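Look over the structure, then read on about its charged groups and a few local details.

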Amino acid sequence: MAAATIVHDTSEAVELCAPCGLYLKPITKMTISVALPQLKQPGKSISNWEVMERLKGMVQTHQFSTLRISKSTMDFIRFEGEVENKSLVKSFLACLDGKTIKLSGFSDILKVRAAEYKIDFPTRHDWDSFFRDAKDMNETLPGERPDTIHLEGLPCKWFAAKDSGSEKPSEEVLTKVFQKFGEIRNVDIPMLDPYREEMTGRNFHTFSFGGHLNFEAYVQYREYAGFIKAMNALRGMKLMFKGDDGKAVACNIKVSFDSTKHLSDASIKKRQLERQKLQELEKQREEQKRREKEAEEKQREEERKQRELEEYERERKREEKLRKREQKQKDREVRRNKKQLEKLQAEEQKKLQEKIKLEERKLLLAQRNLQSIRLIAELLSRAKVTIIYCKRSNPFILGPSTSVHKTFYFLTS
């Protein structure tokens, strides 16, 4: 679907669900074809931009809401233009259809053909004939008759529940919007089913040109009249959203009748069974993932313990090496101190021995002096005795004036 465009004139908008800010606005598109002449001069070309500007100038006071090139060949250029209101389409066609364009530098005239855009929308004859001729359809059963509308290109934000904080569409909002046309039997938004993509192999998350996330939906009415009213109301319309600030934007949506029995009881039951199988498979996968995660965590824990053990062993070896190094240093210090102590002790012992020898020598000398004194004293004592004896025997033999008497007197005194 095309990107949402800003709507300046909302006078032709029809209310779809005012509380949700949703309206239907007529599609005001037209196709414009410009026939190109045969280019006779090589290297010369016609500017698409110049042709587009000439077309814009042909509508006089009015302006296109959008004008883009849908196809370009050597023979023609096809444009798709859109205006604000349905009433302007005829005036634009009158200004463009059958007119000609004269480009500068070209002698040939370019013919312009304009027509109202042909909307691709199914008619009542399309669905009546389809369900009548389909052999695998039972028109008495819901979902196998014209009762389900298939919508594509719905903007997610426009159908999100207010104050929910989510931009995902809501089945409740979808039901509220489309119950205007009749009682709704069932709705389905495939993108809300987490298993739907795996069941069908389709991607239900689609992006439009503007980057707005769109979704597809199925709306099933209980009565055929509700289906008819909805299809008639949506024919030739695009969806418009008006915000609280009054600004409005619109986007084209694709509307068709469901021909796949999507909301038939058999299809719903089949999807439920497939969903149950996928849920069981998902549980098994989750259990497998849980076991793998536990095994991985266990392995990581073992690896962590192993790393811690290796780190502890490295630290222990490092500490042991450091301890041995410190012990060696201590041993060297002890040996060095021991050597120094032994050296000091040897020096002290040597000094002591020398002192002892000196003392012994002094003692020996003192003993010798004492012995000498004793010997002399003994000699003198004997000499004294001898003198005394001699005096007693012959007093005149030795007198006080003799040398012997003098020596004895000196020593004894």
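A search of the whole structure finds 26 salt bridges. The model is a predicted one. Side chains of opposite charge can pair when their charged atoms come close.

| Salt bridge | N to O distance | Relative accessibility |
|---|---|---|
| Asp 133 and Arg 132 | 3.6 Å | Asp 133 51%, Arg 132 54% |
| Arg 314 and Glu 311 | 2.6 Å | Arg 314 44%, Glu 311 39% |
| Arg 323 and Glu 320 | 2.5 Å | Arg 323 42%, Glu 320 27% |

Asp 133 counts as exposed. Arg 132 is exposed as well. Arg 314 is partly exposed, and so is Glu 311.

How far apart along helix 7 are Arg 314 and Glu 311? They are three residues apart, so about one helical turn separates them. Arg 323 and Glu 320 also lie in helix 7, three residues apart, or about one turn of the helix. Arg 323 is partly exposed. Glu 320 is partly exposed too. Elsewhere, salt bridges with shared partners link Glu 287, Arg 290, Arg 291 and Glu 294 into one network.

**A positive patch**

Lys 324, Lys 328, Arg 332, Arg 335 and Lys 339 form a patch of positive charge on the surface. Lys 328 sits in helix 7, which spans residues 265-393. Is Lys 328 buried or exposed? Lys 328 has a relative accessible area of 51%, over the 50% cut-off, and therefore counts as exposed.

**Local details**

Ser 129 belongs to helix 3, residues 124-133. Its relative accessibility is 15%; this is under 20%, so Ser 129 counts as buried. A polar atom of the Ser 129 side chain lies 3.0 Å from the backbone oxygen of Asp 126.

Thr 66 is in strand 5, residues 66-72. With 32% relative accessibility, Thr 66 is partly exposed. Which distances separate Thr 66 and Glu 82 in sequence and in space? In sequence they are 16 residues apart, and in space their C-alpha atoms are 5.2 Å apart.

Lys 261 lies in the loop between strand 15 (254-257) and helix 7.

Notes
Residues are numbered from 1 along each chain as its sequence is written. This is a predicted model: local features need pLDDT of at least 70, side-chain atom pairs count only at pLDDT 80 or more; totals for chains, interfaces and linings use all residues. Side-chain values use heavy atoms; hydrogens and water are left out. Patches are made of residues with over 30% relative accessible area and no salt bridge: like charges are joined within 9 Å, nonpolar side chains (Val, Leu, Ile, Met, Phe, Trp, Tyr) within 5 Å. Accessible areas come from the Shrake-Rupley method with a 1.4 Å probe; for residues, only the protein chains shown count as cover. A salt bridge is a side-chain nitrogen of Lys or Arg within 4 Å of a carboxyl oxygen of Asp or Glu. Lys and Arg count as positive and Asp and Glu as negative; His and the chain ends are not counted. The place of a charge is taken as NZ of Lys, CZ of Arg, CG of Asp or CD of Glu. Helices (H or I, at least four residues) and strands (E, at least two) are DSSP runs, numbered from the N terminus. Buried means under 20% relative accessible area, exposed over 50%, partly exposed in between (1.4 Å probe, protein chains only). A polar contact is a pair of N or O atoms within 3.5 Å; within protein, one must be able to donate a hydrogen and the other to accept it, and residues adjacent in sequence count only if both atoms are side-chain atoms.
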